[in-house]
Amino acid sequence: MLGEGIWRIGQNAFRNCTNLTEVVLPASLRAIDSGAFSGCSRLEKLHLPEGLLGISADAFDGCVKLFEKAKRYDGFYVLDGWAINPRDVGEAELGGHDGTLVLHDGLRGVACGTFSGCTNL
């Protein structure tokens with residue numbers, strides 16, 4: 001559990017903490033930086049607070065367990081209302097073959113780089 005008052009999780013803060021299984025983020029959190037939780041392969045539970053304003057592109061790369069239960073749409077995942085396309089989770093081909101992508105109701109944000117390099121769009 002991270003204490004209230006923390007507004008940012010810095011770059012690579014918990015990188016490769018492979019024994020980390022659950023993280024309780026404070027309501028004060030506004031940003032999750034690059035690589036913050038990358039390589040946390042056993043991380044299963046994470047709730048993104050309502051006031052979160054940004055997630056860096058590779059914040060959750062390699063968090064395979066975290067995305068096993070997440071909803072998947074056209075190659076990107078939705079985690080607590082945020083669209084995220086983590087690398088190292090699996091091959092993702094974003095967008096339909098006709099070049100369309102549907103962002104569903106209830107989406108709160110899109111992580112940096114989620115649709116980067118999507119040649120189908």
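Helices (H or I, at least four residues) and strands (E, at least two) are DSSP runs, numbered from the N terminus. Read in this way, the secondary structure of the chain comes to 1 helix and 9 strands, and from the N terminus on the elements run β-β-β-β-β-α-β-β-β-β. The model is predicted, so that local features need pLDDT of at least 70 and side-chain atom pairs count only at pLDDT 80 or more, while totals for chains, interfaces and linings use all residues. Residues are numbered from 1 along each chain as its sequence is written, and side-chain values use heavy atoms, with hydrogens and water left out.

**The chain as a whole**

Of the 121 residues in the chain, 41% are buried, where buried means under 20% relative accessible area, exposed means over 50%, and partly exposed lies in between (1.4 Å probe, protein chains only). The accessible surface of the chain comes to about 6,700 Å², of which 48% belongs to carbon and sulfur atoms; such areas come from the Shrake-Rupley method with a 1.4 Å probe, and for residues only the protein chains shown count as cover. Among contacts (heavy atoms within 4.5 Å) between residues at least 6 apart in sequence, 39% join residues at least 24 apart.

**A sheet and a salt bridge**

Two strands pair if DSSP finds at least two bridges between them. An open sheet is formed by 3 strands in the order β1-β3-β5, with parallel pairing, and its edge strands are β1 and β5 (54-55), each of which pairs on one side only. Between β1 and β3, which run parallel, there are 2 bridges, and Ile9 has Ile32 in β3 as its bridge partner.

A search of the whole structure finds 1 salt bridge, meaning a side-chain nitrogen of Lys or Arg within 4 Å of a carboxyl oxygen of Asp or Glu. The side chains that meet in this salt bridge are those of Asp33 and Arg8 (2.9 Å, N to O). Because Asp33 lies in the loop between β3 (31-32) and β4 (45-47) and Arg8 in strand β1 (residues 8-9), the pair ties together parts that are 25 residues apart in sequence. Asp33 is buried, with a relative accessible area of 16%, whereas Arg8 is partly exposed, at 38%.

**Aromatic rings and the nonpolar core**

Rings of Phe, Tyr and Trp (its six-membered ring) pair if their centres lie within 6.5 Å; planes under 30 degrees apart count as stacked, over 60 as edge-to-face and the rest as tilted. The count comes to 2 aromatic pairs, given in the table.

| Pair | Centre to centre | Angle between planes | Arrangement |
|---|---|---|---|
| Phe14 and Phe37 | 5.2 Å | 5° | stacked |
| Phe37 and Phe60 | 5.7 Å | 5° | stacked |

Ring pairs link Phe14, Phe37 and Phe60 into a cluster. Phe14 is partly exposed, with a relative accessible area of 24%, whereas Phe37 is buried, with a relative accessible area of 0%. Phe37 lies in the loop between β3 and β4 and Phe60 in the loop between β5 and α1 (64-68), so their pair ties together parts that are 23 residues apart in sequence.

A nonpolar core is a set of buried Ala, Val, Leu, Ile, Met, Phe, Trp, Tyr and Cys residues joined through side-chain atoms within 4.5 Å. The largest one has 25 residues, and those with the most contacts inside it are Leu25, Ile32, Phe37, Leu48, Ile55, Phe60 and Phe67. The elements that give two or more residues to this core are α1, β7 (76-79) and β8 (82-84). Leaving aside neighbours within four places in sequence, Ile32 is in contact with residues including Ile9, Leu25, Phe37, Leu48, Ile55 and Phe60.
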